[in-house]
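Reader: Hi! Could you walk me through one part of this structure? I'm new to this.
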Amino acid sequence: MKKNLFSLEGKVAIITGASRGLGKAVANGYADAGAKVVVAARNLEDLNRLVADMEQRGGEGFAVKCDVSQDQDLLNLVVKTMERYGQIDILVNNAGISPWVTWSHEVTSDMWAKMLQVNLVAPFLLAREVGKVMMDQKSGRIINMASLGGLLGMPGQVTYAATKGGLLQITKTLAVEWAKYNITVNALAPSILKTDLTMGVTQSVKHSEPLLRRVPIGFFGKPEDVVGAALYFASDASSYVTGTVLPIDGGTLAS
Ligand code: NAP
């Protein structure tokens with residue numbers, strides 16, 4: 001039988017921010033590709049419902065309540081995964097927040113502190129802990145959920161754009177440092193996909209019209225639009241690809 005390059009059979013994946021939106025879509029995609037999926041977020045009820053759905057389709061995984069802004073919760077997530085499965089092959093650093101729309105002259109120090117902790121420090125700390133496991137294994141895949149906001153100027157989003165730009169630099173640095181351990185580190189950069197995070201913008205004609213003018217494909221995407229790219233970076237299909245960022249943007253960057 002031909003090898004399926006995109007299969008995740010036998011792999012263990014951790015996905016943060018999996019209770020809804022992009023993280024949930026990726027969790028479902030990975031489970032359907034054969035991975036055991038450890039889903040993390042603050043809302044345990046939503047996570048348990050997701051695990052039940054995955055199991056109903058023949059998948060496997062479990063939920064861990066985790067606030068990524070708490071260092072202890074990040075350590076606990078790694079410990080729980082190792083206790084259950086004894087390996088971590090894939091980490092998707094997906095949990096993130098955004099203060100749509102805050103103009104730069106209104107941004108406070110508290111906003112910076114919160115944004116930096118959740119969107120930048122937490123993904124690094126979790127990658128550091130998971131990275132130690134992956135170094136011992138001599139293999140691993142880390143996928144950081146960045147944003148087109150890390151590549152373009154984003155009016156009303158200065159803290160968000162800065163954290164996502166920083167996440168791209170973490171991606172490249174870890175990729176270069178850890179290539180010798182057969183760990184790849186890549187990033188996804190979606191533009192605007194319809195989730196709770198972007199509701200304030202996608203449901204407002206005033207905000208959405210100028211943004212849509214920058215999207216050649218002509219409409220906002222949906223969470224499932226990131227699944228193929230997330231599968232690519234997690235699977236053998238991308239074995240020789242590291243330190244890169246893949247835009248999922250309906251053509252925005254090209255225009
Ligand atoms: P979402 O629908 O608001 O979901 C955010 C997820 O992150 C939820 O599962 C939430 O779960 C979790 N989360 C938030 N704060 C957390 C914390 N402190 N600890 C643990 N989990 C936390 O957002 P989304 O649109 O799916 O976004 C997911 C990622 O994609 C983010 O990093 C975002 O920046 C990025 N992104 C999104 C878009 C887009 O257009 N949607 C575009 C570019 C990049 P709980 O509330 O249960 O904790």
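Author: Happy to! Keep in mind that this is a predicted model. Let's begin with helix α3: its buried residues are Leu-74, Leu-77, Val-78, Thr-81 and Tyr-85.

Reader: Which exposed residues sit on the face turned away from the buried side of α3?
Author: That face carries Gln-72 and Glu-83.

Reader: You mentioned α4. At what angle do the axes of α3 and α4 cross?
Author: Roughly 35 degrees, and the axes come within 10 Å. Here α3 is residues 71-85 and α4 is residues 109-137. The crossing is right-handed.

Reader: Which residues make the contact?
Author: From α3, they are Asp-71, Leu-74, Leu-75, Leu-77, Val-78 and Met-82. From α4, they are Gln-117, Ala-122, Leu-125, Leu-126, Glu-129, Val-130 and Val-133. By type, the contact residues divide into 10 nonpolar, 1 polar and 2 charged.

Reader: Switching topic: what span should α3 have?
Author: With 15 residues at 1.5 Å a residue, α3 should span 21 Å. Its end C-alpha atoms are 22 Å apart, which agrees.

Reader: Last one! What follows α3?
Author: Gly-86 does, and its phi is positive, near 70 degrees.

Definitions and conventions:
Residues are numbered from 1 along each chain as its sequence is written. This is a predicted model: local features need pLDDT of at least 70, side-chain atom pairs count only at pLDDT 80 or more; totals for chains, interfaces and linings use all residues. Side-chain values use heavy atoms; hydrogens and water are left out. Axes are lines fitted to C-alpha atoms, for helices over the stretch in contact, and angles run from 0 to 180 degrees between N-to-C directions. Helices (H or I, at least four residues) and strands (E, at least two) are DSSP runs, numbered from the N terminus. A crossing is left-handed if the near helix is turned anticlockwise from the far one by less than a right angle, and right-handed if clockwise. Contact means heavy atoms within 4.5 Å. Ala, Val, Leu, Ile, Met, Phe, Trp, Tyr, Cys and Pro count as nonpolar, Asp, Glu, Lys and Arg as charged, and the others, Gly among them, as polar. The expected span of a helix is 1.5 Å times one less than its number of residues. Buried means under 20% relative accessible area, exposed over 50%, partly exposed in between (1.4 Å probe, protein chains only).
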